[in-house]
Amino acid sequence: MNDDERRIGVRHLRNEVVHVEIVSASHDQLDMGEVVSCATVDVSSSGLQLTMEHDLPEGAILDLCVELQGVPKQFFLTAEVRWKRPVEDGVRVGFMLFDGEQTDVDTWRELFP
């Protein structure tokens, strides 16, 4: 199964702003608490695909803040880097969302069933 076929749920093509905060990673190149901005390629109830300038290690756990056009709310989500591959304008990264009481994952899933 390739990276693009792993996600459960319908993919919605979106170009949205995402701020990624490094929360947990066993990788020397990442600074804990660092925040980077990037853009979505697509989103679903269980994950996101982002284009980033930063290379992130698989398995890194990150906090995401997603701003959706036309939605006045920011979504705070926690996700794990599941895969990555280089692309012309940076790195394409696949994230799997985690369940969590301290996140907006339930509201996210209502928006993207």
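Does D55 count as buried, partly exposed or exposed, and what is the relative accessibility behind that class? In this predicted model, local features need a pLDDT of at least 70 and side-chain atom pairs count only at pLDDT 80 or more, whereas totals for chains, interfaces and linings use all residues. Residues are numbered from 1 along each chain as its sequence is written, and side-chain values use heavy atoms, with hydrogens and water left out. With a relative accessibility of 41%, D55 counts as partly exposed, where buried means under 20% relative accessible area, exposed means over 50%, and partly exposed lies in between (1.4 Å probe, protein chains only).

The protein chain contains 1 helix and 7 strands, helices (H or I) being DSSP runs of at least four residues and strands (E) runs of at least two, numbered from the N terminus. Along the sequence these elements follow the pattern β-β-β-β-β-β-β-α. Of the 113 residues in the protein chain, 41% are buried. Among contacts (heavy atoms within 4.5 Å) with a separation of 6 or more, 58% are between residues 24 or more positions apart. The protein chain exposes about 6,400 Å², of which carbon and sulfur atoms supply 48%; accessible areas were computed by the Shrake-Rupley method with a 1.4 Å probe.

Side chains of opposite charge can pair when their charged atoms come close. A salt bridge is taken here as a side-chain nitrogen of Lys or Arg within 4 Å of a carboxyl oxygen of Asp or Glu, and by this rule the count comes to 5. One of them joins D55 to K84, with the closest N and O atoms 3.0 Å apart. Because D55 lies in the loop between β4 (47-52) and β5 (61-67) while K84 belongs to strand β6 (residues 74-87), this pair ties together parts that are 29 residues apart in sequence. K84 is partly exposed, with a relative accessible area of 30%.

A further salt bridge is formed by R109 and D99, whose closest N and O atoms are 2.4 Å apart. This pair links distant parts of the chain, with R109 in helix α1 (residues 105-111) and D99 in the loop between β7 (90-97) and α1, 10 residues apart. R109 counts as partly exposed at 28% relative accessibility, whereas D99, at 59%, counts as exposed.

R14 and E16 also form a salt bridge, the closest N and O atoms being 2.6 Å apart. In this pair R14 is partly exposed, with a relative accessible area of 24%, while E16 is buried at 3% relative accessibility.
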